[in-house]
Amino acid sequence: MAAQLIDGAALSRLWRARLSERVTALKARGTLPGLAVILVGDNPASQVYVRNKVKACQEVGIHSVLETYPASLTEDALLARVRALNADPAIHGILVQLPLPAHIDAQRVIETIAPEKDVDGFHVANAGALMVGRPGFWPCTPYGCMKMLEHIGCDPCGKHAVVIGRSNIVGKPMALMLLQANATVTICHSATADLAHHTRQADIVVAAVGKRNVLTADMVKPGAVVIDVGMNRDEAGKLCGDVDFEGVRQVAGWITPVPGGVGPMTITMLLLNTVEAAERAAR
Ligand SMILES: Nc1nc2c(c(=O)[nH]1)N[C@@H](CN(C=O)c1ccc(C(=O)N[C@@H](CCC(=O)O)C(=O)O)cc1)CN2
């Protein structure tokens with residue numbers, strides 16, 4: 001039997017309806033949640049993502065401000081904008097769309113965002129909070145993956161989870177979230193000797209590499225939950241993930257599609273973090 005689909009678009013709708021109610025409650029108490037989105041340069045994919053973020057804010061009633069700058073913007077000028085937004089009481093969340101042009105030190109920019117406004121969850125203070133299990137902001141993509149597992153009733157406790165990829169924004173935080181949920185976690189990466197050996201033992205596989213067909217049917221345990229974080233283009237220019245979807249869906253128990261899986265949940269978790277930031281500021 002083919003795997004059941006984990007529909008990120010449908011789950012997003014559910015979450016966004018809940019968030020609209022939280023925004024209404026905040027407004028009634030005199031707080032309008034505000035998100036600043038900064039885009040530097042003209043990366044076409046980034047332009048789509050920030051547009052979708054602004055649209056999603058409108059959907060739930062969050063006030064958003066989109067600031068776009070040419071790729072020639074200096075690092076100092078960007079840092080000055082971030083500092084100004086840190087001091088702006090109408091702004092509860094700040095995000096700088098990645099990637100940034102090569103002349104700008106992305107980590108330095110992220111570290112300049114006030115941790116309490118870092119709704120991307122990329123600041124070391126938030127990464128550290130996740131590491132030790134303290135409240136903070138969780139990075140949106142892995143956070144969305146956790147919500148998808150919860151939605152299908154997959155409790156990671158006691159399960160073997162394999163995360164393929166070790167980026168700071170997806171792989172590493174994903175592994176920590178699964179560990180916090182009491183999974184036994186294996187992190188695989190480009191130097192892993194026998195990837196299939198690990199993935200075949202996994203009850204949960206998260207593929208977050210950015211390369212097509214990293215996970216094929218022969219690498220998956222029957223019934224496993226497969227989450228595809230990849231965002232690639234095939235030869236025809238069609239959007240696809242890291243997983244050989246048609247093959248793996250014949251073996252897995254659950255699988256996320258691309259598009260319509262993790263992507264929409266990433267944006268929904270950004271909304272959730274922004275509402276949370278506004279609620280914390282209003283306390
Ligand atoms: N500051 C940040 N930069 C980046 C992040 C991030 O979380 N914060 N993540 C990625 C890009 N990203 C969010 O910004 C993102 C990527 C994809 C999607 C999405 O909804 N994808 C759709 C398809 C969209 C399309 O047609 O191209 C889907 O999967 O259905 C949302 C957010 C890197 N940068």
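What share of the contacts in the protein chain with a separation of 6 or more is accounted for by residues 24 or more positions apart? The share is 68%, where two residues are in contact if their C-beta atoms, placed from the backbone, lie within 7 Å. This is a predicted model, in which local features need pLDDT of at least 70 and side-chain atom pairs count only at pLDDT 80 or more, while totals for chains, interfaces and linings use all residues. Residues are numbered from 1 along each chain as its sequence is written.

**The chain as a whole**

- The protein chain has ten helices and eleven strands, which are DSSP runs numbered from the N terminus (helices are H or I with at least four residues, strands are E with at least two).
- The radius of gyration, taken over C-alpha atoms, is 19 Å, which agrees with the value near 19 Å for a compact globule of 283 residues; the globule rule is 2.2 Å times the number of residues to the power 0.38.
- Along the principal axes, the C-alpha atoms fill a box of roughly 50 × 40 × 35 Å.
- Of the 283 residues, 46% count as buried, a term that requires 20 or more other C-beta atoms within 10 Å of a residue's own, whereas exposed means 12 or fewer and partly exposed lies in between, with C-beta atoms placed from the backbone.

**The shell around the ligand**

- Among the 18 residues around the ligand, those that come nearest are Tyr 49, Leu 98, Pro 259, Gly 263 and Thr 266; a residue is near a molecule if its C-beta atom, placed from the backbone, lies within 6 Å of it.
- Two or more residues of the shell come from each of helix H2 (44–60), strand E4 (93–96), helix H6 (140–151) and helix H10 (262–282), and H10 gives the most, with four residues.
- Domain 1 (30–121) and domain 2 (140–263) each supply at least three residues to the shell, with domain bounds that come from an automatic or database domain assignment.

**A region from the UniProt record**

- An unreviewed UniProt entry places the feature "domain: Tetrahydrofolate dehydrogenase/cyclohydrolase catalytic" at residues 6–120, although such annotations may be inferred rather than shown by experiment.
- Over residues 6–120 the chain is 50% helix and 16% strand, and the end C-alpha atoms are 23 Å apart.

**Arg 233**

- Arg 233 lies in strand E9 (residues 232–233), and this residue counts as exposed because it has 11 C-beta neighbours inside 10 Å.
- Leaving aside residues up to four places away in sequence, Arg 233 touches Lys 238, Leu 239 and Cys 240.
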